[in-house]
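This briefing concerns the structure shown below.

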Amino acid sequence: MQNLATKFENLTIQSDFIFKKVMSRKRICIHLLEELLQIKIVDINYLEAEKSLEPEFVSRGIRLDIIVADDKNTHYNLEMQVKNTKNPDTKNYVLPKRTRYYQALMDIDLLQKNQEYDLLPPTYIIFICVFDFFAKGNYVYTFKKLCLEDLELELPDEATTMILNTKGTHGSISKDIKSFYDYVNNHVINSDFTRQIDDEISYLKLDSKVRREFMLLEARLLDERREAKAEGKAEGLAEGKAKEKTATAKRLLSMGLSVEDIAKATSLSVEQVEAIKAEQA
């Protein structure tokens, strides 16, 4: 518990937990969106912070940090990305496909049964990254669908993905967005906007309910990691035993024992031993 208390005290805006709490303050979230997109937003509605979208029990669920809709029914998903994660199996970075998946699940959630496709509202998937995924130095990378045969022709599906690069060095962003980047990167307070954010974080850390919520969340995540580790260990043991049985069967086959005797000795089925024998032939 002491370690969790220390961890809570050291949380910054880069933490998913703190980012969600800060962006749950309308004045801060609205100002960030207004400055980023250079638009005017009268009001926003929160469509459940950190909403879990699981359309099918066999599909992969995701937890979205912040989903809001403005007064013009434009929907925004705001995410803080601290790690540029790779798939350990494919060695590919997951960020591009992650944005695609988030967009798909947002759309499914926004369109009700029997509604026409044109009723899908405009959407923005906004990832705030503390790394430069594309290594081009841009403050912002904005993506829409363009025609390869005519790059001036845009598919008007009203879906936009924005990758914000807090480590960027060039491009056109407002002073408050630049100050927000500085705050995310180095906790530098150089504007009224970042002062508001920092004050909000200070208030949050004094709130016993917020502290308790964080501790419960961390305990739950720890339990999930332990369960996953235990399941992985059990699967590994089962796989190891299967390989050991296969190796034993191969040795016994090389010694000329019958398939039936090998099946009895290894607890493999006759069909499995036959398949191993066929591979050795």
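Predicted model: local features only at pLDDT ≥ 70, side-chain atom pairs only at ≥ 80, totals over all residues.

The axes of helix α5 (residues 175–186) and helix α6 (residues 192–206) come within 8 Å and cross at roughly 40°.

**Helix pair α5 and α6**

- Two packed helices are described by the angle between their axes and the distance between the axes.
- On the α5 side, the contact is made by Asp176, Ser179, Phe180 and Tyr183.
- These residues meet Phe193, Thr194, Ile197, Asp198 and Ile201 of α6.
- Sorted by class, the residues of the contact of α5 with α6 comprise 5 nonpolar, 2 polar and 2 charged.

**The sheet**

- Strands of a sheet pair through backbone hydrogen bonds, either parallel or antiparallel.
- In this model, 6 strands form an open sheet with mixed pairing, in the order β1-β4-β5-β6-β8-β7.
- The edges are formed by β1 (44–46) and β7 (140–143), each of which pairs on one side only.
- On average, and with direction ignored, neighbouring strands of this sheet are turned by 20° against each other.
- Strands β5 (residues 75–81) and β6 (residues 123–129) run parallel and are joined by 7 bridges.
- Histidine 75 has threonine 123 of β6 standing opposite.

**Helices on the sheet**

- Helix α2 (residues 16–23) lies across β1, β4 (66–70), β5 and β6.
- The direction of α2 is at about 145° to β5.
- Helix α4 also packs on the sheet, where α4 touches β4, β5, β6 and β8.
- The direction of α4 makes about 145° with that of β6.

**The second largest pocket**

- The volume of the second largest pocket is about 430 Å³.
- Its lining consists of 16 residues, and those nearest the centre are Pro96, Thr99, Arg100, Phe143 and Thr161.
- Two or more lining residues are contributed by each of α4 (95–110) and β8 (159–165).
- Helix α4 supplies 8 residues, the largest share of the lining of this pocket.
- By class, the lining of the second largest pocket holds 7 nonpolar, 4 polar and 5 charged residues.

**The cavity**

- The count of cavities of 30 Å³ or more comes to 1.
- The lining of the largest cavity divides into 3 nonpolar, 3 polar and 2 charged residues.

How values were computed: Residues numbered from 1 in each chain as written. Heavy atoms only, no water. 1 Å grid on protein atoms, 1.4 Å probe; cavity = no way out; pocket = protein on both sides within 12 Å on 5 of 7 lines; lining within 4 Å. Points joined across faces, edges and corners; volume = space filled by probe spheres on them. Helix = DSSP H or I, 4+ residues; strand = E, 2+ residues; numbered from the N terminus. Nonpolar A, V, L, I, M, F, W, Y, C, P; charged D, E, K, R; others polar. Axes fitted to C-alpha atoms, helices over the stretch in contact; angles between N-to-C directions. Contact = heavy atoms within 4.5 Å. Pairing = 2+ DSSP bridges.
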